[in-house]
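Here are my notes for you on this model. Have a look at the fold first, then read along point by point.

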Amino acid sequence: MVAPKILVVDDDKNLLELAKTRLAAANYGVTVALGQEEALEAVNNESFDLAIVDLRLADEDGITLMEKLHAIFPGMPVIILTGHASVEGAVDAMKRGAYTYLTKPFDPRELILQIGRALESCKLASENQMLKGMLKEKYDFANIIAKSEKMQQVLEAVSRIAKTDSTVYIHGESGTGKELIAKAIHLASPRKDKAFVAINCAAIPETLLESELFGHEKGAFTGAVRSTKGLFTQANEGTLFLDEIGDMPLSIQVKLLRALEERQFYPVGGEKPVQVDVRVVVATKKDLVEEVKKGQFREDLFYRIHVIPIVLPPLKDRIEDIPYLVDHLLKKISHQMKRDVKGLTPKAMEKLMQHDWPGNVRELENTLEYAVTMTQRDIVTDDLVLQTKVSTGAVATTADSIQAQLLPTSGSFKTLKEARSEFERAYLVRLLHSCNGKATRAAEIAGKYRADFYDLLKKHDIKLAEFKRFN
Ligand SMILES: Nc1ncnc2c1ncn2[C@@H]1O[C@H](COP(=O)(O)OP(=O)(O)OP(=O)(O)O)[C@@H](O)[C@H]1O
Ligand SMILES: [Mg+2]
């Protein structure tokens, strides 16, 4: 456990000495400041979990200082110290965001007690916020469709290993449910009430990934104006999900290996090691054995994370799951879109059962989302699912590839204009597809006048003839 760090600000040197001794004895990290100037310097150098501030500082009033501190660390509890004569001021401080106040001379045991309470309530508040996020997503076994023998085995493995602290290695093609399973492991574990922190190692540039994971001290690099906690620290006592670990640069792999072996690490630019208690779950769609052979992935790290492997089978190897997934996903999508689409025609279902599903469950979800959007009825007919692809080059024809086009690649976004234009093109292609190239109908659905619609097609160099189907 990382010792909480406390900042004490008072213009009385003796009081600072006393507080320092007492707090250090109670295993807190303590920094003292003689006034506002020193206090602000301290918060620029490191982060704090709590501050104790004298209401009447020689050079400044404590409330103003508290507000400055809150501007930097919004949720940080502040305890105000006050003389007997100024209790009113202390009450005012509480109205403006102080956690509580103590009158001087204070009883050190009372101070320790209040600090404990403040830190606990702050922790609860942030955990509550995080839990609300998790609840909204409701990740538990009830939301995981696993009719097939293969998926049943996966879920059995999940419940067996959830109770341990071993590193879990999830391997599966894209869209097979890696993240869903990672969250299920967390929720079935004794860590379920603590943080589940996820990071996609492929989405963050190499230069930022290290400080993102391990945090950094102020001045560690240009732009590091203040020290920051990394995700490892945020996941303390909880679970850290390292997604797409196969894309982690070699330089950071070394550091991760050390962190996993020693259960401690050094923030970027930091000299003091930070200790954490984190359960690590990793996921990859790459074959890491191959990556090791190619020299793209460290062998020692591979063995360190390959403790409990879980392999998620591709959807085409468990087609018996499809009808149940369809039922589950249709309910989910209908609910999201406030529609009441009840099911698929047998012909549509047959089409789904025969498809290859290179994008797995995510592709199935996108296919159904498209069908629900397009259908005018409460049932999905076969013409609305998996139409044969048009040969229009590198055009996105599934929501998944549209998403892939819009998401940041190597950390940089496309401009809104480019993204909008790409989306517009992909939309038109899918729309024309579903209308068999009938421009009048397509223009009507798109809510455009015919002439304007033709202009759009021209802008994107889309040929109507390519969408005409005769069947
Ligand atoms: N067995 C399942 N039951 C219900 N929903 C599922 C199942 N598997 C996947 N899904 C859903 O499919 C979508 C994709 O799943 P998830 O994001 O977990 O896949 P992934 O393997 O992490 O994909 P990617 O490789 O693209 O990151 C999610 O919306 C998820 O809820
Ligand atoms: Mg994923």
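1. Some ground rules first. This is a predicted model, in which local features need pLDDT of at least 70, side-chain atom pairs count only at pLDDT 80 or more, and totals for chains, interfaces and linings use all residues. Residues are numbered from 1 along each chain as its sequence is written, chains are lettered from A and ligands numbered from 1 in the order in which they are written, and side-chain values use heavy atoms, with hydrogens and water left out.

2. Start with the open sheet: 5 strands, ordered β2-β1-β3-β4-β5, with parallel pairing. Helices (H or I, at least four residues) and strands (E, at least two) are DSSP runs, numbered from the N terminus, and two strands pair if DSSP finds at least two bridges between them. At the edges sit β2 (29-33) and β5 (100-103), each pairing on one side only. On average, neighbouring strands here are turned by 20° against each other, direction ignored. (Axes are lines fitted to C-alpha atoms, for helices over the stretch in contact, and angles run from 0 to 180 degrees between N-to-C directions.)

3. Which residue stands opposite Ile-79 in β5? That would be Thr-100. The strands β4 (residues 78-82) and β5 are joined in the parallel sense over 4 bridges.

4. Helix α3 (residues 62-72) touches β1 (5-9), β3 (50-54) and β4, and its direction makes about 160° with that of β3. Helix α4 (residues 87-95) touches β4 and β5, at about 165° to the direction of β5.

5. A cavity is a set of points where a 1.4 Å probe fits but cannot get out; a pocket is an open set with protein on both sides within 12 Å along at least five of seven lines; lining residues have an atom within 4 Å of a point. Grid points are joined across faces, edges and corners, and a volume is the space filled by probe spheres set on the points.

6. The whole structure has 1 cavity of 30 Å³ or more, and the largest cavity holds about 50 Å³. Its lining includes Phe-232, Leu-260 and Arg-263, while α10 (250-262) and β9 (264-265) each supply at least two lining residues. The lining divides into 7 nonpolar, 1 polar and 1 charged residues. (Ala, Val, Leu, Ile, Met, Phe, Trp, Tyr, Cys and Pro count as nonpolar, Asp, Glu, Lys and Arg as charged, and the others, Gly among them, as polar.)

7. The second largest pocket has a volume of about 1,700 Å³. It is lined by 48 residues, with Val-2, Ser-47, Asp-49, Lys-229 and Thr-233 closest to its centre. Helix α5 gives the largest share of that lining, 8 residues.

8. Is Glu-244 buried or exposed? Glu-244 counts as buried, because its relative accessibility is 12% (buried means under 20% relative accessible area, exposed over 50%, partly exposed in between, with a 1.4 Å probe and protein chains only). Glu-244 also has a positive phi of about 55°, although it is not a glycine.

9. Pro-105 sits in the loop between β5 and α5.

Notes. Contact means heavy atoms within 4.5 Å.
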